[in-house]
Amino acid sequence: MEYLSQIILIAVGAAIVNNFVLSYFVGICPFIGVSRRVDMAFGMGCAVTFVISVAGFLSWVFTYYLLRSGAPLSTWIYHLCGGTGDSDLSILNYIVYIFLIAASVQLVEMYLRKFFPPLYKSFGVFLPLITTNCAILFACLEIMKHISGDNPWDLGQSLTFAFFGGVGFTLALLIMAGIREDLELCNVPKSLRGAGITLVIAGILAMAFMGFNGVNASLQKALVVKPAHATQTAVMGDVEQMVKKTNLAEETK
């Protein structure tokens, strides 16, 4: 139950409370460039969610087994070559993550070109630019940070964070695309047309998402299961208080 609670907290935090775009302000380039139409925004969100999930999975595997300090596979190879102590290849994190993201983007690009040519053409240059989407690299770095922490994430927690981070990115894209489609029917001042009004709306959305602060703490309190002995102690205390009140009422009579 405790593990499930952690998964729920990670999912809600990555998708809503700590939204990558509207809280950490990463992935702004596709957020501005591909949010003109809802269908296009949904397709880009799905592509980014897939890429970020694959990259999150690969980054956890490479970090846990190869890159982190004391990683089992790299330490075994290091000892095999005559070294002593633990190996530490964490200096290669950025390079390895960028290659993993690029490989994941190539998979998505080949899939869309084969099965969804119209969607592939509508993305244009923004599809290859997923490689440079800092939201994906941000997810990989967050996974790396939590693998090296005091309470390291396992593969399930890392995948949950990556997938729901992509879901939150898609949600932000869809909200912005819906607003921008309605803006085409509005009389926007000439000086704010284009990126100007888009950035103003993004700032308003970011302030709106700040209203979700504290949801994680409340959700954690709701999901925490009190130990059986604590519940029993609380019940006994309530019974004792009721007995005292009864005795006091009888003495008063």
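Rings of Phe, Tyr and Trp count as a pair if their centres lie within 6.5 Å. Ring pairs of this kind link Phe20, Tyr24, Phe138, Trp153 and Phe161 into a cluster. The model described here is predicted. The protein chain has 11 helices and zero strands. Of its 253 residues, 36% count as buried.

**Overall build**

- Read along the sequence, the pattern of the protein chain is α-α-α-α-α-α-α-α-α-α-α.
- Take the contacts in the protein chain between residues at least 6 apart in sequence: 73% of them join residues at least 24 apart.
- The protein chain exposes about 14800 Å². Carbon and sulfur atoms supply 68% of that area.

**The nonpolar core**

- In soluble globular proteins, nonpolar side chains tend to be buried together.
- Here, the largest nonpolar core has 51 residues.
- Phe20, Leu22, Phe31, Met44, Ile130, Ile136 and Phe161 have the most contacts inside this core.
- Several helices each supply at least two residues of the core: α1 (2-17), α2 (28-33), α3 (38-67), α5 (93-115), α7 (134-147), α8 (155-183) and α9 (195-209).
- The largest share comes from α3, with 10 residues.
- Which residues does isoleucine 130 touch, leaving aside its neighbours within four places in sequence? Isoleucine 130 is in contact with Met44, Ala47, Val48, Val51, Ile101, Val105 and Ile136.

**Helix α1**

- The buried residues in α1 are Ser5, Ile7, Leu9, Ile10, Ala11, Gly13, Ala14, Ala15 and Val17.
- What covers them includes α8 and α10 (215-223).

**Aromatic pairs**

- A search of the whole structure finds 11 aromatic pairs.
- Tryptophan 60 and tyrosine 64 form a stacked pair, because their ring centres are 4.9 Å apart and their planes meet at 10°. Planes under 30 degrees apart count as stacked.
- Both residues of this pair, tryptophan 60 and tyrosine 64, lie in helix α3. They are four residues apart, about one turn of the helix.
- An α-helix has 3.6 residues a turn, so residues three or four places apart point the same way.
- Is tryptophan 60 buried or exposed? Tryptophan 60 is buried, because its relative accessible area is 9%, and the cut-off for buried is under 20%.
- Tyrosine 64 counts as partly exposed, at 29% relative accessibility.
- The rings of tyrosine 111 and phenylalanine 115 make a tilted pair, because their centres are 5.0 Å apart and their planes are at 45°.
- Tyrosine 111 and phenylalanine 115 both lie in helix α5, four residues apart, about one turn of the helix.
- Tyrosine 111 counts as partly exposed at 46% relative accessibility, whereas phenylalanine 115 is exposed, with a relative accessible area of 53%. The cut-off for exposed is over 50%.

**A charge over a ring**

- Arginine 68 lies over the face of tyrosine 64. The distance to the ring centre is 4.2 Å.
- Tyrosine 64 therefore has two partners described here: its ring stacks with tryptophan 60, and arginine 68 lies over its face.

**Cysteines**

- A disulfide is a covalent bond between the sulfur atoms of two cysteines.
- How many disulfides are there? The count comes to zero disulfides, with a cut-off of 2.5 Å between sulfur atoms.
- Cysteine 46 counts as partly exposed, at 36% relative accessibility.
- Cysteine 186 is partly exposed too, with a relative accessible area of 47%.

Key: Residues numbered from 1 in each chain as written. Predicted model: local features only at pLDDT ≥ 70, side-chain atom pairs only at ≥ 80, totals over all residues. Heavy atoms only, no water. Core = buried A, V, L, I, M, F, W, Y, C linked by side-chain atoms within 4.5 Å. Buried < 20%, exposed > 50% of the residue type's maximum accessible area, 1.4 Å probe, protein only. Contact = heavy atoms within 4.5 Å. Areas by Shrake-Rupley, 256 points an atom, 1.4 Å probe, with all protein chains shown as cover. Phe/Tyr/Trp six-rings, centres within 6.5 Å; stacked < 30°, edge-to-face > 60°. Lys NZ or Arg CZ within 6 Å of the ring centre and 35° of its normal.
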